[in-house]
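Subject: Structure handover and findings

Hello,

Here is the structure I promised to pass on. Please open it first, then read the notes below.

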Amino acid sequence: MNLELFIAQRLYGTRKGARRISRPAVAIAQWGVAIGAVIMIASICIIVGFKQQVREKLYGFGGHIQIMSYSNDATAAAPLTADSTLLAGLRAIPNIAHVQQYTHKQGLIVANDEYEGVLIKGVCGDYDLSLIESHIVEGTIPNFSDTASSGSIVLSQSMAERIKAKVGDKINIYFLDKGIRARKQTVAAIYNTHLTEFDNAIAFTDIYTTRSIHDWEHDESSAIEIHISDYSLLEQTREDVTEIATDAAYRNDETLSVPTIEELNLHMFEWLSLLDQTVWLILILVVCIAAFTMISGLLIIILEKSNLIGILKAIGAKDVSIRRIFIYYACFVIGKGIIIGNIIGLALCYLQQQFKIVAIDPEMYYMDRVPIEFSWLLLPMNIAMFLISVAALVLPSMLISTIEPTKAIKFE
């Protein structure tokens with residue numbers, strides 16, 4: 001049996017006869033590690049949850065990959081031909097989960113003597129509006145069609161407030177295209193994703209209406225959005241999509257581009273990547289604090305147990321062996337602290353995930369509740385925290401070599 005481990009277990013398990021000084025030292029060190037673990041878990045779950053929710057909202061507005069004409073923009077749109085050959089080829093790519101078309105047009109909404117510039121996004125029945133549906137404030141999204149006008153529009157809450165419109169109100173939309181064209185629409189629903197950059201700009205109607213404004217054919221669209229199953233294969237899937245889009249461009253005499261969602265929203269993804277640096281900074285500070293409290297606790301325990309150290313040296317124990325005893329002892333303290341911290345941290349994160357207790361400012365954070373997403377990173381980070389905390393104790397444990405048996409045995 002490992003003698004050092006056995007002695008460490010007895011020291012850690014025997015508290016009744018221990019001197020009082022060791023109890024607060026062990027408790028402070030243990031709770032220092034526990035608090036560090038709570039902060040680590042909360043930081044990882046919140047940052048991962050935040051990034052996940054923002055990304056999901058971006059994917060909901062634009063898919064993972066788009067196919068569009070090089071000269072396509074909101075004001076001077078050039079259509080692409082979404083023929084059956086192109087769509088079938090895209091759907092045959094293994095990693096593609098969904099393919100959908102849309103047509104957009106810049107317009108001016110007028111209601112109640114108020115007006116608002118807007119990008120009208122025309123969609124049809126197979127368009128994935130699950131993001132918008134999950135953030136509906138009032139009303140119901142109608143069944144949009146590509147063969148007939150629904151006469152309905154879905155506005156964001158910020159737009160509706162600026163033009164003082166409610167569900168059921170009639171509004172006029174004016175388009176500048178070969179003169180001024182107007183359409184009367186009924187507000188069917190109001191949404192609020194808190195992604196203000198998109199909420200302030202985009203309203204949804206049927207693709208039939210936007211195609212009619214452009215005078216486009218039934219197979220012409222502004223772009224094709226593609227949702228994929230495995231995000232890690234984004235670039236490989238983009239290459240497959242580009243190959244099929246290139247064939248379609250030659251076939252229909254068009255010039256197409258295939259940007260990813262990251263390229264279309266570069267500033268947003270760069271901002272999200274900065275959050276990773278914030279997480280690492282927090283984790284480094286947490287580990288440093290946990291290691292500092294353990295070092296302080298270990299030094300106090302060594303001084304408190306100097307009598308035992310003197311006895312062990314007197315019966316022939318080597319400094320290395322005695323150091324191992326106290327390192328093992330510290331491992332028990334660190335391990336228990338991490339377990340306590342994980343229980344508290346995971347419980348708090350679970351409560352927040354289920355009941356949305358803590359609110360935040362949606363104008364600043366793009367959501368109204370602190371997001372939580374449990375990540376596999378928690379396991380390696382717990383292991384790293386344990387190992388780093390233990391490694392930090394190697395140097396202070398060398399204090400044991402300075403203790404002389406004759407003086408230590410007399411020290412009580």
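A word on terms first: helices (H or I, at least four residues) and strands (E, at least two) are DSSP runs, numbered from the N terminus. This is a predicted model: local features need pLDDT of at least 70, side-chain atom pairs count only at pLDDT 80 or more, and totals for chains, interfaces and linings use all residues. Residues are numbered from 1 along each chain as its sequence is written, and side-chain values use heavy atoms, with hydrogens and water left out.

Overall picture

The protein has 15 helices and 12 strands. Its C-alpha trace spans about 105 × 50 × 25 Å along the principal axes. The radius of gyration is 32 Å, whereas a compact globule of 412 residues would have one near 22 Å. That radius is taken over C-alpha atoms, and the globule rule is 2.2 Å times the number of residues to the power 0.38. Of the 412 residues, 49% are buried. Buried means under 20% relative accessible area, exposed means over 50%, and partly exposed is in between (1.4 Å probe, protein chains only).

T237

T237 sits in helix α8 (residues 234-252). With a relative accessible area of 2%, T237 is buried. Its side chain makes a polar contact of 2.9 Å with that of N95. Such a contact is a pair of N or O atoms within 3.5 Å; within protein, one must be able to donate a hydrogen and the other to accept it, and residues adjacent in sequence count only if both atoms are side-chain atoms. Beyond its neighbours within four places in sequence, T237 is in contact (heavy atoms within 4.5 Å) with I65, I93, N95, I96 and I228.

Aromatic pairs

How many aromatic pairs does a search of the whole structure find? It finds eight. Y12 and Y329 have ring centres 5.8 Å apart and planes at 75 degrees, so they are edge-to-face. Y12 lies in helix α1 (residues 3-13) and Y329 in helix α12 (residues 319-355), so this pair ties together parts 317 residues apart in sequence. Y12 is buried at 17% relative accessibility, and Y329 is buried at 6%. For W271 and Y366, the centres are 5.5 Å apart and the planes are at 80 degrees, so that pair is edge-to-face too. The rule: rings of Phe, Tyr and Trp (its six-membered ring) pair if their centres lie within 6.5 Å; planes under 30 degrees apart count as stacked, over 60 as edge-to-face and the rest as tilted. W271 is partly exposed at 29%; Y366 is buried at 16%. Ring pairs also link F61, Y191, F198 and F204 into a cluster.

Cores

A nonpolar core is a set of buried Ala, Val, Leu, Ile, Met, Phe, Trp, Tyr and Cys residues joined through side-chain atoms within 4.5 Å. The largest has 72 residues, and F61, F204, F326 and M385 have the most contacts inside it. Helix α2 (residues 22-62) gives the largest share of this core, 14 residues. Another core, of 21 residues, lies apart from it and includes I93, A248, L256 and V258.

Helix α7

Helix α7 (residues 207-214) is mostly covered, with six of its eight residues buried. They are I207, T209, T210, R211, I213 and H214. Just after α7, D215 takes a positive phi of about 60 degrees.

Best wishes
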